[in-house]
There are 2 protein chains.
Amino acid sequence: MATRSTIMDTNSFRPEMAAALDPETRKLTEEREVLGPAYRLFYRNPVHLVKGRGSHLWDADGVEYLDVYNNVASVGHCHPRVVEALTRQASLLNTHTRYLHENILHYAEDILSTMPDEIDRIMFQCTGSEANDLAVRVAQTYTGGEGVIVTHEAYHGNSALTSKLSPALGTAQTLGLTMRMIPTPDTYRLTIDGKPAAECTAAEFGNWMAGEVRKAVADMNRHGIKFAALLADSIFSSDGVYPDPVGYLKPVIDTVHELGGVWIADEVQPGFTRTGDAFWGFGRQGIVPDLVTSGKPMANGLPTSLMAARHEVLEPFAGSIPYFNTFGGNPVCMAAAQAVLDVMRDEDTMGNAKRVGAVFKQAVAGLMDAHPCIGDVRGAGLYIGCEIVKPGTKEPDQKAALDILETLRDNHILTSVCGRFGNILKLRPPLVFSESDVDWFMDGFTKTLATLGL
Amino acid sequence: MATRSTIMDTNSFRPEMAAALDPETRKLTEEREVLGPAYRLFYRNPVHLVKGRGSHLWDADGVEYLDVYNNVASVGHCHPRVVEALTRQASLLNTHTRYLHENILHYAEDILSTMPDEIDRIMFQCTGSEANDLAVRVAQTYTGGEGVIVTHEAYHGNSALTSKLSPALGTAQTLGLTMRMIPTPDTYRLTIDGKPAAECTAAEFGNWMAGEVRKAVADMNRHGIKFAALLADSIFSSDGVYPDPVGYLKPVIDTVHELGGVWIADEVQPGFTRTGDAFWGFGRQGIVPDLVTSGKPMANGLPTSLMAARHEVLEPFAGSIPYFNTFGGNPVCMAAAQAVLDVMRDEDTMGNAKRVGAVFKQAVAGLMDAHPCIGDVRGAGLYIGCEIVKPGTKEPDQKAALDILETLRDNHILTSVCGRFGNILKLRPPLVFSESDVDWFMDGFTKTLATLGL
């Protein structure tokens, strides 16, 4: 563990920090003992939030924060149309999928209309973990294989199955015997055939990654494991945000298919207009998955997720094994999800992510010359990764990243970190983030870097 | 499959039944093709519900139904206090457990106050499947074993792990290599040492079941598997409802502990005052679990679940592996759960379950003489199992049970079946079921039996 930190053990409060807290915050952190030690609070000085609206949050003292982290409140905290939709449906009826109800059918049709025609079936769960858990089982049944490939710092869920496919959970979590990891597609640090990855074409970088898939499958086969699926999100969120060069996943997915596997596109992070270029992350990459999963941004905080599929991929599992998810696809969750989708269209969150995301990325990148601790700024739409390094090197500087995080928090700006070394600022605000929010962030970020002398 | 049916493939609509439906219902069933073949609708003539209140439901034509099935709407469909609580919180803030929030702490303390002192930690998820999935991992980490015991017709969830512990899903679902099944504690049909189980004392029946646990663990050990847990609900819902004799689980749990395992009390079915005798099913049995899971009745339909634990059992897992459930324990779900708990106290759902449940059970049992197709009526509180058999025998009559179910549905009374042979009517209404609801049911049930000549 000494040589490696993960998103899970970096930005977090630990009980020994309690002495530095104000009495009220300390009391709340102490009361959390009842939740056991697995829960992690963000920040050395945890935030006690009580109100949210748009991309802003307020703590118990009335202090306003800028939210540059939360993708669950995708259309903005407490969006009135979502609240109204869920209230209306919760007042009328909330049952399950063993009775007929229009909400699930309307939403199924509507959300599938955002996907390629090949993706023509959809099932609903409550969490992204449940969606990925189911998708892996569907892929395994379809292919008759067990082997799943993920990237080196992937996080795909908290169920028994998906935890074993989530190296980002740290070394205490054992990985599956039939899973294999391929390297993070690190366009900042990798060198491909002597050429910096950042200078590679999509085909060059994609062919390198496809080769890694081939090696992983060859190793599986050597151990008697049949390849089933590549499980990956197209922005490699937990690995550290690697969306470019656009198109690099095409040779990778072609190879997955050639080797008899399927691609499960984990759209928990890049989906729902986040990247600004397309409704789905895979759309931005111009590729069609076999299975699609999503959750977090889908219903603005109501526990709702989906697994969509090509019908021929779904059939072997769904035709033989009953699947009932008591709360999945219930009329209230579907009403909230529908309201989110309606808002995404009516408020053009995709256009906003593209426009504001570009301004945001350019503004952060504009600090690189004056602040050599910023080694790389990359991203798509409102998903930006900002590498904090030791100046003049590409060496990750987790300590500086955490100091920045904490100082930003003290300046009432909330974000977090990701990547293998926990040194990459993950800038992923609600999709309604505005240009004045960018100004607010830049003001606080500049002040933070000055305070820290970085 | 021919010799065995499960709850999953009995009460369900199949596409070949579509021709008999009215055009509107047929259209809705056809539109469900988009959901794939794993979803199952109840009834040959599926019900299209649009409104619910208390223990009553209404379809799209305005026809009122009596709900004798749904335990999710535990305090009654669309209880105004729950709707109000979730609306209020959804309008204010909905985030996650990485920020401080009072709701989760208040609810954690309040719900733990309903449990024995030994159970002093709690974590929140979104579904019962997630709670059981986590509980099994916690038990395995604590014991260092892999082996899990369930009953022969158990259903514990839809995740990869819990599906492999759910024989009720049918034979297409493979079971785990390290799990073992023990027989259903069938007090109606079993004979223990030559004595009908129904005549056994709690100690006699419990010792028989403890012996089955011993045999299962011995078989595990023979295969090099270390015993970790018995995963069972104390009413054996999916097996067919076997709550009595009170106390029979004591020797079973003692044996589990003696053999180094833990008991995971799956309270998705018997918990939250359902049995009328105690808040939790294990409370009715006078035993203290090591881990407690629940979900369905907890937040009246909002996806919310819990896993509670003795701190020493939780520690090895939670102290080493981070667990974050994005939606689990969020302020909105906690507000809804708190409202449910408040209503349960204020409206005394436990007292209602006891009082009305007794009247209900007695009324159904009162039909046995005149209707020999009713072989046994058993239950606790508002959880009643009614065996439909071939008259004069104990032979399960699934066809008659399904005919009853469908005729009840035509009489606007909704319920379903459970048990290995799908012949046991599962009478499990919202906890606000009233004596006049019992009258309504009895009227429809009597009419149904007359119609069918049973």
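Predicted model: local features only at pLDDT ≥ 70, side-chain atom pairs only at ≥ 80, totals over all residues.
I count a helix as a DSSP run of H or I with at least four residues, and a strand as a run of E with at least two.

**Secondary structure.** I went through chain A with that rule and got 13 helices and 17 strands. Next I checked how chain A packs. Its radius of gyration is 21 Å, close to the 22 Å that the globule rule gives for 454 residues, so chain A is as compact as a globular protein of that length. I also looked up the box along the principal axes: the C-alpha atoms of chain A fill roughly 60 × 60 × 45 Å.

How much of chain A is buried? I find that buried residues make up 67% of its 454 residues, taking buried as under 20% relative accessible area.

**Contacts along the chain.** Residues 24 or more positions apart account for 73% of them.

**Charges.** I looked at where the charges of chain A sit on average. There are 40 positive and 55 negative ones, and their mean positions are 3 Å apart.

**The two copies.** I superposed chain A on chain B: the rotation is 180°, the shift along its axis is 0.0 Å and the RMSD is 0.0 Å. The two copies are therefore related as by a two-fold rotation axis. Both copies use the same surface, as 100% of the contact residues of chain A recur in chain B.

Key: Residues numbered from 1 in each chain as written. Chains lettered and ligands numbered in written order. Heavy atoms only, no water. Least-squares fit on C-alpha atoms with pLDDT ≥ 70 in both. Contact = heavy atoms within 4.5 Å. Rg over C-alpha atoms; globule rule 2.2 N^0.38 Å. Buried < 20%, exposed > 50% of the residue type's maximum accessible area, 1.4 Å probe, protein only. Lys, Arg positive; Asp, Glu negative; His and termini not counted. Charge placed at Lys NZ, Arg CZ, Asp CG, Glu CD.
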